[in-house]
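Please examine the sequence and the structure shown below.

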Amino acid sequence: MKLILLGAPGAGKGTVAKQLTQLDGSVQISTGDILRGAVQAGSELGKQAEAYMKAGDLVPDDLIMGIMEQRLQEPDCEKGFLLDGFPRTIPQAEALKDLLKRIAVDLDFAVEIDVPREVILDRLTTRRTCVDCGAIYNVKSMPTKVEGVCDKCGGSVVQRDDETEEAISNRLDVYNEKTAPLVDFYRNENMLLTVSATSSEVVVNAIQERLGG
Ligand code: AMP
């Protein structure tokens, strides 16, 4: 399957993407994970992206398109891909449309995961992430067995720099201003599936149904 996952930070795009990868071997492509990896590695890309990310602002479109142009042409994308956190602006969506046309790849559709703002705020302030493997925990609903230590890889589990209250509030404003318009963009392309649900299983089922099985 070839899908775009849209939704505010904390809507559950990453969780849904991980569940979908189990179904048919499609790969999850998270621009946020790619950028965090680059920051951790101290690469040129990481240096350029770090300050924007820390403040909860978007990284410039040309940097993101440079990453995605390469990533979407890697062989593992042939089985399918789940775009998690990309596109995030109308110019990115337009550039993606051109890129896919150029490389002759058809998307199935875009999924809007619609979750109430109170749920988003609660999830983001209680979310914790492993700095090594990216595993996601939650201090209330899914804590690590040992505080601060990843159950899966033993790495440190921390609150992301952009999950302070100030950065979260900025990320939600940025989402409403820059990313929410993509819902209309894909609706106009006749490619939108909206699912209003806080359960990832409900979202996954709705996607499978729309895919026809
Ligand atoms: P995420 O993990 O998807 O919430 O992304 C974390 C941060 O990475 C965002 O707040 C942005 O600073 C940056 N980022 C991730 N994806 C994009 C994108 N498609 N366009 C611009 N910035 C992005």
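## Terms and basis of the model

In this report, Ala, Val, Leu, Ile, Met, Phe, Trp, Tyr, Cys and Pro count as nonpolar, Asp, Glu, Lys and Arg count as charged, and the others, Gly among them, count as polar. The model is predicted: local features need pLDDT of at least 70, side-chain atom pairs count only at pLDDT 80 or more, and totals for chains, interfaces and linings use all residues. Residues are numbered from 1 along each chain as its sequence is written, and side-chain values use heavy atoms, with hydrogens and water left out.

## The surroundings of the ligand

The ligand is surrounded by 16 residues, of which the closest are Thr31, Arg36, Asp57, Gly85 and Gln92; a residue is near a molecule if one of its heavy atoms lies within 4 Å of it. By type, the shell around the ligand divides into six nonpolar, four polar and six charged residues. Helix H2 (residues 31–41) gives the most to this shell, with four residues. Helices (H or I, at least four residues) and strands (E, at least two) are DSSP runs, numbered from the N terminus.

For Arg160, an N or O atom in the side chain is 3.4 Å from an oxygen atom of the ligand. Taken alone, the ligand exposes 480 Å², and the protein buries 95% of that; accessible areas come from the Shrake-Rupley method with a 1.4 Å probe, and for residues only the protein chains shown count as cover.

Under "binding site", an unreviewed UniProt entry lists Cys130, Cys133, Cys150 and Cys153. These residues span 24 residues in sequence, yet no two of their C-alpha atoms are more than 8.6 Å apart, so they gather at one spot. The entry also lists residues 127–162 as "domain: Adenylate kinase active site lid". UniProt positions follow the numbering used here, feature names are shortened, and annotations may be inferred rather than shown by experiment. The end C-alpha atoms of residues 127–162 lie 11 Å apart, and the span is 0% helix and 25% strand.

Cys150 is found in the loop between strand S6 (136–138) and strand S7 (157–158), and Cys153 lies in the loop between S6 and S7 as well. Are these residues buried or exposed? Cys150 counts as buried, at 3% relative accessibility, whereas Cys153 is partly exposed, at 41%. Buried means under 20% relative accessible area, exposed over 50%, and partly exposed in between (1.4 Å probe, protein chains only). Leaving aside neighbours within four places in sequence, Cys150 is in contact with residues including Cys130, Cys133 and Tyr137, while Cys153 touches Cys130, Asp132 and Cys133. Contact means heavy atoms within 4.5 Å.

## Helix H4

Which residues of helix H4 (residues 61–71) are buried? They are Leu63, Ile64, Met65, Ile67, Met68 and Arg71. Among the elements that cover them are strand S2 (27–30), H2, helix H3 (44–55), strand S3 (81–84) and helix H5 (90–102).

## Backbone features

Most residues other than glycine have a negative phi, and most peptide bonds are trans. The peptide bond from Phe86 to Pro87 is cis, with omega near -5 degrees, and Pro87 lies in the loop between S3 and H5.

Ala104 has a positive phi, near 55 degrees. Ala104 is found in the loop between H5 and strand S4 (109–114) and is exposed, at 70% relative accessibility. Asn190 has a positive phi near 60 degrees; this residue is found in the loop between helix H8 (181–188) and strand S8 (192–196) and is exposed, with a relative accessible area of 69%.

Conventions
A polar contact is a pair of N or O atoms within 3.5 Å; within protein, one must be able to donate a hydrogen and the other to accept it, and residues adjacent in sequence count only if both atoms are side-chain atoms.
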